[in-house]
Every structure is written in C-alpha cells, then in structure tokens.
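Reader: I am new to this one. Please show me the structure, and then I will ask.

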Amino acid sequence: MMTSKERLWRIFRGEDVDRPAFKLWGLSIGQSMMAPAYRPVYERALELTDIMEEIYSPLNVFFGSDPQCKIWWEDKPLEGTEWVDRYTYYQIGDRTLRSIFRYSTIGSPGYDMEHMIKEPEDLKALLSVPYKPYPIDTDLYYRAVEKVGDKGLVMFGLDHAAYAVCRKIGSERFALMCIDDRDLIKEAVYTYAKRIRDHVKAVLDTGIRPIFSWVGPELIIPPLVRMDEFEEFVFEVDKPLCDLIHDAGGYVWVHCHGRVGKLLKRFAEMGVDVLNPIEPPPQGDVTLKEAVELVGNSMGLEGNIEMASLQLSRPEELKEQIRQAVEEGSQSKRFILGPTAGYMEYPLPTEQYIQNLMVYLEYGYECVSKVKY
C-alpha cells in the first residue's frame, strides 16, 4: 500500500495509485476543537484519512503590507444575542468607505451585512491605494510538511482575483457592474491577478514547488453571472497562473461549489489538477459518473458527499451515498472521496451530525479500501 503522501501526490500528477484517496475536509494535525464532541471524529480521521493541510504566506491584494490609508473599526453587539456587527472604515483620500460584518461570539459562520464597494467611485478609490507586497514567509510551510510527514501533503493557499473583487462588492452588485462598469471590473480583476502572480513567483523563487490552492470561482459562474464573466475573469485570468505554476513544477487545487457540469472541461483545460467538491444534484448539476465521463483522468475530482447529508441523513442513506460516490468516482484513477465543506464549522454540532461523521469515516474508508486499481 502507498502512504497517504504518495497516494495524494500521484493523484495530482496523474500517475497510477493503489486506490482512491479519502479526505475529511478541514482536518489539520494538532487543531483545537470547536466543541468537545468533535474530538473522537478528529482522532479517528487522523488514523483513516489522507490529510491535506493548507498554509499561507501573508497576502493582502487590496492594501499590501503597508496600508497607506487610515483603517479603523468599531464593534456593536446585538443585545441579547451571540452576534456582533463590526463596522470597518477605510479613509482613502477624501473618500470614506464602510463595510459591516456580523460575526458570532461562539464561532458560527458570519454574514456580510454591508459591502465596502457600493458604486464605481468606491472601487476606483480602492484601486488607488499604493501596494507593497509582503515578504514571503516559508517557515509555516516547512513546519507543516514536517508535521504532516507521510500522512498527507501541504498546499500553499492563495487569494483569487475575481473572488477578491466580488467579496468587496457583493454578488448582486458585482453582476450588475460586470454589465454597467465592465472595464472597471476588468481593471480590478487584472490588477489583483498580477499581485497574486507576483506572490506566486516570489514563493517559487524560494525553491518551493508546492500545490497551490484557491477558492472563489464559485462566485463567478452561472447563475450568479454569465458564462462571459467566467471566461474573462476566471479562465483567462487563472490559466496564466496555472501555466506559471506548472512550468515551475507545481500543481493546482481549486474549490468551486455549484453547478459546474459545463465548466468541468474548462477547469481541466485551465490546468486545474484537482477540482473540489463536485456537488451532486440538486445542489450541483452533474453526477460523479457524468463528471468522469467528461474529463476522464485529465483532472482529479474531489467530493462529493454533501454536507447536508452528513447533517440530516439516516446512516443507511448516508452509506448508500458514500457507496455510490466511490463506485462512480473510482472510475477515475484521480478520485478523492470527501465532504463538500469543512467538518468542524459548527460550534454546536448535533448528535446526529457527529454520528454521521463517524459513519462517513468508517464506511468511507471501507469503501475506498475495496477499490483496487
């Protein structure tokens, strides 16, 4: 049998493996527990799964390492609740921008209540801020590689240019500005894309040849925007980045929720080595069987156990979904069985959720172990 490290690297390289890989998204060696109930899940996952750690070197595509504008914030608790609204202000020249983020004091997922960019002049102001990149810090990467050892591999996390713009504007306004202010959106995406490429070049200059990872294309796909936006602001921007990484001997992992059926070939042509999480219908629009038929072994496929199934399904239903996913996904020799989101993102997990996570670990491992290539 291969080690987890060997298996995962060979999946990224498109080489023969002994069986599909098996992942619990969000697992990190030595991580703290959001709730005590997660402890047995964490410990069993360390024994059974192929670990994919993710680390970062500082990167802020908007303000760089030396923000040359005034930034301040104030917190406004919502009385009698776990929620706090954080008002953040950005003084750029004579223009003050504001965003509001509602965060939880117990770790629940937060909400953007008000985005920074509300009109074209706001985006122009943000683009006017001088930019100085952070120096590359490789210590976290080398420490993570040593920590993970043969249990898996380490990915080097990046921002995504179009996602960076979208999350400062919001999906609805972004879609409208792609029509009404397209040249400005393009300027912003291409500005941040260059900063990301420069960051990657700086990482590669240290001698590291890692797997680079990013999330974000899911906000630049139909029905949130048109295919025109995916082609211009994802494919045409990300392909040169993938080429840069591949030419240097690195690899690419990309996360994109949603209806990716008609995008799978484009991601493969872009140079994505593994695409996550290939959601099943109805959240997604393509089964694993169809996905494998579309891309074969030209791109690795990671997924596709829906998080809602882990939260709500009966054990028998969950097992059937796992069995079917492994049966269909293993027709590709580049398949990684995994959930569609991180396992420890809920501060108050239900007993059913914890039990289903254990079912996923035990039965998922059993299923992938039966596959012999």
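Author: The questions below go through the sheet, the helices and the aromatic rings of this predicted model.

Reader: Which strands are the edge strands of the open sheet of 8 strands?
Author: The pairing in this sheet is parallel, and the order reads β1-β12-β11-β10-β9-β8-β7-β2. An edge strand pairs on one side only. The edge strands are β1 (21-22) and β2 (51-55).

Reader: Take β8 and β9. Which residue in β9 stands opposite V215?
Author: Strand β8 covers residues 211-215, and strand β9 covers residues 251-255. They pair in the parallel sense over 5 bridges. Opposite V215 stands H255.

Reader: Which strands does helix α12 lie across?
Author: Helix α12 spans residues 315-329.

Reader: Is α2 roughly parallel or roughly antiparallel to α13?
Author: Helix α2 holds residues 39-48 and helix α13 holds residues 351-370. Their axes come within 10 Å and cross at roughly 10°. Angles under 35 degrees count as roughly parallel. Therefore α2 is, relative to α13, roughly parallel.

Reader: How many residues of the contact of α2 with α13 are nonpolar?
Author: Helix α2 brings P40, V41, R44, A45 and L48. Helix α13 brings I354, L357, M358, L361, E362 and Y365. Of these residues, 2 are charged and no polar ones occur; the nonpolar count is 9.

Reader: Now the rings. What kind of aromatic pair do F63 and Y90 form?
Author: The structure holds 15 aromatic pairs, this one among them. The centres of F63 and Y90 are 5.7 Å apart, with 5° between the planes. Planes under 30 degrees apart count as stacked, so the pair is stacked.

Reader: Where in the chain do F63 and Y90 sit, and how many residues apart?
Author: Both residues are buried. F63 is in the loop between β2 and β3 (70-77), while Y90 is in strand β4 (residues 83-92). The pair links distant parts of the chain, and the separation is 27 residues.

Reader: Y141 and Y142 also pair. Which of them is buried, and which partly exposed?
Author: This pair is edge-to-face, at 5.6 Å centre to centre and 75° between the planes. Buried means under 20% relative accessible area. Y141 has 9% relative accessibility, so it counts as buried. At 45%, the partly exposed residue is Y142.

Reader: Which residues do ring pairs link into a cluster?
Author: Rings pair if their centres lie within 6.5 Å. Such pairs join the cluster's members: Y38, Y343, Y346 and Y353.

Key:
Residues numbered from 1 in each chain as written. Predicted model: local features only at pLDDT ≥ 70, side-chain atom pairs only at ≥ 80, totals over all residues. Heavy atoms only, no water. Axes fitted to C-alpha atoms, helices over the stretch in contact; angles between N-to-C directions. Helix = DSSP H or I, 4+ residues; strand = E, 2+ residues; numbered from the N terminus. Parallel < 35°, antiparallel > 145°, perpendicular 65-115°, else oblique. Contact = heavy atoms within 4.5 Å. Nonpolar A, V, L, I, M, F, W, Y, C, P; charged D, E, K, R; others polar. Pairing = 2+ DSSP bridges. Phe/Tyr/Trp six-rings, centres within 6.5 Å; stacked < 30°, edge-to-face > 60°. Buried < 20%, exposed > 50% of the residue type's maximum accessible area, 1.4 Å probe, protein only.
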